[in-house]
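User: Got a structure here. Can we walk through some of the packing?

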Amino acid sequence: MERVDIKRLAEKLNLSTSTVSRAFRGNSDINPETKARILAAAKEFNYQPNHHASNLRDKRSNTIAIIVPEIANNFFSQAIHGIERVAREKDYYTLIYLTDDDYDKEVMFVEKLYNGRVDGIIMSASGEANDHRYLKTTGNKQIPLVFFDRVYDDIDVPKVTTDDYASAFSATRHLIEAGCRKVAFLVINKSMSIGNIRMQGYKDALQDAGIPFQEQLVVDCSNDYDKNYHILTDFLVNERPDGLFTAVERLAISSYYVCHDLGINIPGDVKVVSFSSLEIASLLNPALSTITQPAYDLGTHAAEMLFKVLEGIPPQNNHIILGSKLIPRLSSAKM
């Protein structure tokens, strides 16, 4: 069978190449009978349109980038699934970039992407620096950016987050209702917006219960498991809290390891509540109380906001805030 390109197919059908092209793009300004004839001929001659080449001519890539700190965390895996579902519905491809919570990697990825490789970016920030000027300068290149979960407040772009204040307040109150009076807050990068908001919820819940806030009970941890093991070991030996509220999942896991090695009983000696998307949280012994974020929905909302911008439709709400769910697995203390 002879090789057929769009020009030869158009000649065989006695049509213009633009008419044939519109049939494959699903344009509504083409006669249905003509479209059916074109598609039937394409099938007969085994012709496949080269959408990539046409996208290059239109200066579009039909690709969006997803920049996340990690994917080992189940939260980000679920969010990516949500983004990819919306992208598929829009006939878009996705590229995934991992910053490993490294600010320099984040800057490098964004600057390269703003050179035209993608049509838009959805990002959860690394948060290792307070200098976000690179986003303000690259923003002039008209490639839209949407933040989800971890955001930079000083960058005016669409954002999708959860109600971190309410979640932190509920988690801390849950520990207090379970009998804790010396509740520690374990966080990574407390200077970041999301860390600040969660800490405020923690502080206000203490105040609401008449428990004084103690700065030494706020533990700024690391993204490194080995470092966290040593940080938490020193902290638990010296401070002996009776409750741990961990801002991220990995700190809950590290806490379980450290408590096991130190002979600290969970939940007898210390009770733990964590932000977590772990599906096995209820199977841990003892079970882990969790604040479960709607990660998949965060991803779908972020993608829908990006595609509205790409379609020239300004978002009605530039900051969508979704609710999280506290799943309590601690017994309340008898008053």
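User: At what angle do the axes of helix 5 and helix 12 cross?
Analyst: Roughly 40 degrees, and the axes of helix 5 (residues 74-89) and helix 12 (residues 295-310) come within 7 Å. That makes helix 5 oblique to helix 12; angles under 35 degrees count as roughly parallel, over 145 as roughly antiparallel, 65 to 115 as roughly perpendicular and the rest as oblique.

User: What should I know about the model itself?
Analyst: This is a predicted model: local features need pLDDT of at least 70, side-chain atom pairs count only at pLDDT 80 or more, and totals for chains, interfaces and linings use all residues. Residues are numbered from 1 along each chain as its sequence is written, and side-chain values use heavy atoms, with hydrogens and water left out.

User: Switching to rings. How many aromatic pairs are in the whole structure?
Analyst: A search finds 11. Ring centres of Phe, Tyr and Trp (its six-membered ring) must lie within 6.5 Å; planes under 30 degrees apart are stacked, over 60 edge-to-face, the rest tilted. Tyr 165 and Phe 169 make a tilted pair, 6.3 Å centre to centre with 35 degrees between the planes.

User: Where do Tyr 165 and Phe 169 lie?
Analyst: Both are in helix 8, 4 residues apart, about one turn of the helix.

User: Is Phe 169 buried or exposed?
Analyst: Phe 169 is buried, at 17% relative accessibility. Buried means under 20% relative accessible area, exposed over 50%, partly exposed in between (1.4 Å probe, protein chains only). Tyr 165 is partly exposed at 31%.

User: Which residues form the aromatic cluster?
Analyst: Phe 185, Tyr 202, Phe 213, Phe 245 and Phe 275. Tyr 202 is buried at 0% relative accessibility.

How values were computed. Axes are lines fitted to C-alpha atoms, for helices over the stretch in contact, and angles run from 0 to 180 degrees between N-to-C directions. Helices (H or I, at least four residues) and strands (E, at least two) are DSSP runs, numbered from the N terminus.
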